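Let's take a walk through this protein together. Have a look at the sequence and the structure first, then read on.

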Amino acid sequence: MIQNIADLIDSGLSANDFETAGSAATIKSALNSLSGHEDSKNKLDSLIAKYNIPENLFKGGCERFTKSEILKYTPQNWREFVRARHSVRRFKDSIISREIINEIINDAKYYPSACNRQPCRVYYSTNPEITAKILRNCDGFVSGAGGVHNCFIVTCDRSLLNQAELNDQELLNSGIFLGYLVMSIHAHGLGSCLFQFLQVNRRQELIKREFGIKSSEIIAAFVGFGELEDEIITACAQRRPNIINVIE
Ligand SMILES: Cc1cc2nc3c(=O)[nH]c(=O)nc-3n(C[C@H](O)[C@H](O)[C@H](O)COP(=O)(O)O)c2cc1C
């Protein structure tokens, strides 16, 4: 693992990067919790010195929280809040600012991911012509596509998952991220709707090239979003009454 960090930097990654400085911090903390392993400890310290890897940019190891710190921000109206989100497929004709969009994505970044690999990426444009081009590539039904003026492409970078984790993990992690993303959009007072992207889509490589998406990424879904109109008409999405099974 220590050699991997050196290889990454030698191949052009910055010593300040999450993959390099973040990994060094994690390995350092793991080694510090062990007795012995002097060789590895020395090797890591030489690597940090050689490449000037910052030691305080990312945290490694454990963090402590009190119960009250965790419970302090529990939303009191969570039950109503989740029930008030609906898939909205037609929005006001406005472009959401990059500042708000980045805030939405940065909040969604706190999704859980396998081994904290955080493999999801988001692409968007605030140029209406490019957004219209993006929307033309949705496999999912975009009811009244003319009513959607902002759209995310959500991807999962397979190169961040190991071989055993591929297939299931890429869509599992994307699904969790998408759940956080739509709730983050809702929390910002905007509406959203997920649009299906079929993994058998033969145009996937062309779409990735067109929008500058890395070849190691798969497209998980598109998310249309925007400012809510004063009156929203959406499909009745009844919830199944019985999904709970108690094992006795
Ligand atoms: C993976 C996924 C794909 C979806 N694809 C589409 C789609 O292509 N077109 C669409 O109009 N809605 C799509 N939806 C939205 C669902 O239809 C909607 O979430 C569901 O009917 C429940 O309604 P609600 O979101 O308003 O609670 C998708 C949702 C998910 C989770």
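Predicted model: local features only at pLDDT ≥ 70, side-chain atom pairs only at ≥ 80, totals over all residues.

## Who touches Phe222?

Leaving out residues up to four places away in sequence, phenylalanine 222 touches Cys138, Gly140, Cys151, Phe152, Ile153, Phe195 and Phe197.

## The nonpolar cores

Phe222 also turns up in the largest nonpolar core, which has 33 residues. There, Phe222 is one of the members that touch the most others, along with Val154, Leu178, Leu181, Phe195, Ala221 and Val223. So which elements give two or more residues to this core? They are the helices α6 (98-108) and α8 (168-187), plus the strands β2 (150-157), β3 and β4 (217-226). Strand β4 hands over the largest share, six residues.

That's not the whole story, though.

## Around the ligand

Now for the ligand. The shell around the ligand holds 14 residues, and the ones that come nearest are His86, Ser87, Gly140, Gln196 and Ala237.

By type, the shell splits into seven nonpolar residues, six polar ones and one charged one.

## Two domains

Finally, zoom out. The protein chain is divided into domain 1, covering 2-51, and domain 2, covering 81-226. Their C-alpha centres are 33 Å apart.

Notes. Residues numbered from 1 in each chain as written. Near = placed C-beta within 6 Å. Nonpolar A, V, L, I, M, F, W, Y, C, P; charged D, E, K, R; others polar. Domains from an automatic or database assignment. Core = buried A, V, L, I, M, F, W, Y, C linked by C-beta atoms within 7 Å. Buried ≥ 20, exposed ≤ 12 C-beta atoms within 10 Å, placed from the backbone. Helix = DSSP H or I, 4+ residues; strand = E, 2+ residues; numbered from the N terminus. Contact = placed C-beta atoms within 7 Å.
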